[in-house]
Amino acid sequence: MSSPSPDPSPSTGQEKGKKPIAIITIGMAGAGKSTFVQRINSYLHSHSEPPQSGSEDPKVKTRPPYIVNLDPAVTNVSFEANIDIRDTVNYQEVMKQYNLGPNGGILTTLNLFTTKFDQVLGLVEKRAAEVDYIILDTPGQIEIFTWSASGAIITDAIASSLPTVVAYVIDTPRTTAPATFMSNMLYACSILYKTKLPFILVFNKTDVQTHDFALEWMQDFEEFQAALASHGGTRDAEGEPTYMNSLMNSMSLVLDEFYKHLKAVGVSSVTGQGVKEFFEAVEASREEYEKEYLPELERTRAAREKTLSDAKADSMNRLMKDLAVDRAKNPGFAARDRWDPNTEEGEEPEEDDDDMNIIDRSEDPWPGQYIDLTRAQRHGDENINWPRPG
Ligand SMILES: Nc1nc2c(ncn2[C@@H]2O[C@H](COP(=O)(O)OP(=O)(O)O)[C@@H](O)[C@H]2O)c(=O)[nH]1
Ligand SMILES: [Mg+2]
């Protein structure tokens, strides 16, 4: 493994010894998570070359990221992942073997992959000195990651070893209706409270619709309530506010508190607008992670270790008691029940089934390379048939 090369130029977060930041992209299906990952990947790649004269920001110097694709059902990833769930588990095969539909198949595939996640962490940690960002793309359907045990395990595992931030990707053109906006924000809120990680709202697709309205609503709940009132259907036949309307009005007060805890940026994954601001928000989250998340993590970890060691001591006690009773009853047996030193030690077969190992593609000819979106398959000469649904 090569050590990071000394780099005198100004940089974003690549001072020596600084841990890379893990970015977990979460969002509704079609919000643009994969396109966003591709965009920030290409941004980091393109700024890793010596800046050309007249480029948009010659001061920014970045290093290529480490990409982990956790979506087993994508047919063409527009970025070349360093670790790809599809290299480890065949999602179509899982559907067949377990007799599952697409969502069950994706969830089970993610569960199977999670059993090997220690290997992923190992590979990521090996690369930690060479990268500044580790980017995770999650399955299209949001709940597969946010409401599953494996999603929680993966998030906790990453967040306890690296500074981590959640990038919650929002389909801006589809959230212009106040009610939709609110339900999307409530979902974001539930994820924030579940993970307690630094949180960035990424208003995507700003090339189609600017996110100004969202910022206004977030800064001033009265603006939001006005929008709600003007949207119609908020009064019943007697002119009284409807149940829905009062509910949303009070919700907007609740969310007001939530908005204070997060950053919001507008980006277009198609044009690349706002990506620089996104990375500024990511860098700002590092401190938040260290000040707020880490101490909490250490507290819960200490508590868990205490419970575990108490439980261990307790079962050890009981075992010793049982053994004492056994020996008293059966004095001859203890002498016969001995280890045979000639057969043991190191002869146990490896427990790991080697048909399911994580692959790091960083040594491949195309490590984490940015590839054109319109591309329909991986490199033609790679000779791999990826499963395609339907
Ligand atoms: N106009 C526009 N379309 C986008 C943008 N980002 C993503 N899309 C489109 O949104 C659709 C869903 O994107 P995808 O990345 O697959 O969403 P995912 O399910 O969240 O991974 C695709 O057709 C993308 O081309 C954007 O910034 N602007
Ligand atoms: Mg996707």
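This is a predicted model: local features need pLDDT of at least 70, side-chain atom pairs count only at pLDDT 80 or more; totals for chains, interfaces and linings use all residues.
Helix 5 passes helix 7 in a right-handed crossing. Two packed helices are described by the angle between their axes and the distance between the axes. For helix 5, which covers residues 117–127, and helix 7, which covers residues 149–161, the axes come within 11 Å and cross at roughly 30°. Angles under 35 degrees count as roughly parallel, and helix 5 and helix 7 are therefore roughly parallel to each other.

The residues behind this pairing can be listed from both sides. Helix 5 contributes F117, L121 and E125, and these meet I153, I154, A157 and S161 of helix 7. Sorted by class, the contact between helix 5 and helix 7 consists of five nonpolar residues, one polar residue and one charged residue.

The chain as a whole gives the setting for both sites. It contains 13 helices and seven strands. Of its 390 residues, 32% are buried. Among contacts in the chain with a separation of 6 or more, 78% are between residues 24 or more positions apart.

Methods. Residues are numbered from 1 along each chain as its sequence is written. Chains are lettered from A and ligands numbered from 1 in the order in which they are written. Axes are lines fitted to C-alpha atoms, for helices over the stretch in contact, and angles run from 0 to 180 degrees between N-to-C directions. Helices (H or I, at least four residues) and strands (E, at least two) are DSSP runs, numbered from the N terminus. Angles under 35 degrees count as roughly parallel, over 145 as roughly antiparallel, 65 to 115 as roughly perpendicular and the rest as oblique. A crossing is left-handed if the near helix is turned anticlockwise from the far one by less than a right angle, and right-handed if clockwise. Two residues are in contact if their C-beta atoms, placed from the backbone, lie within 7 Å. Ala, Val, Leu, Ile, Met, Phe, Trp, Tyr, Cys and Pro count as nonpolar, Asp, Glu, Lys and Arg as charged, and the others, Gly among them, as polar. A residue is buried if 20 or more other C-beta atoms lie within 10 Å of its own, exposed if 12 or fewer, and partly exposed in between; C-beta atoms are placed from the backbone.
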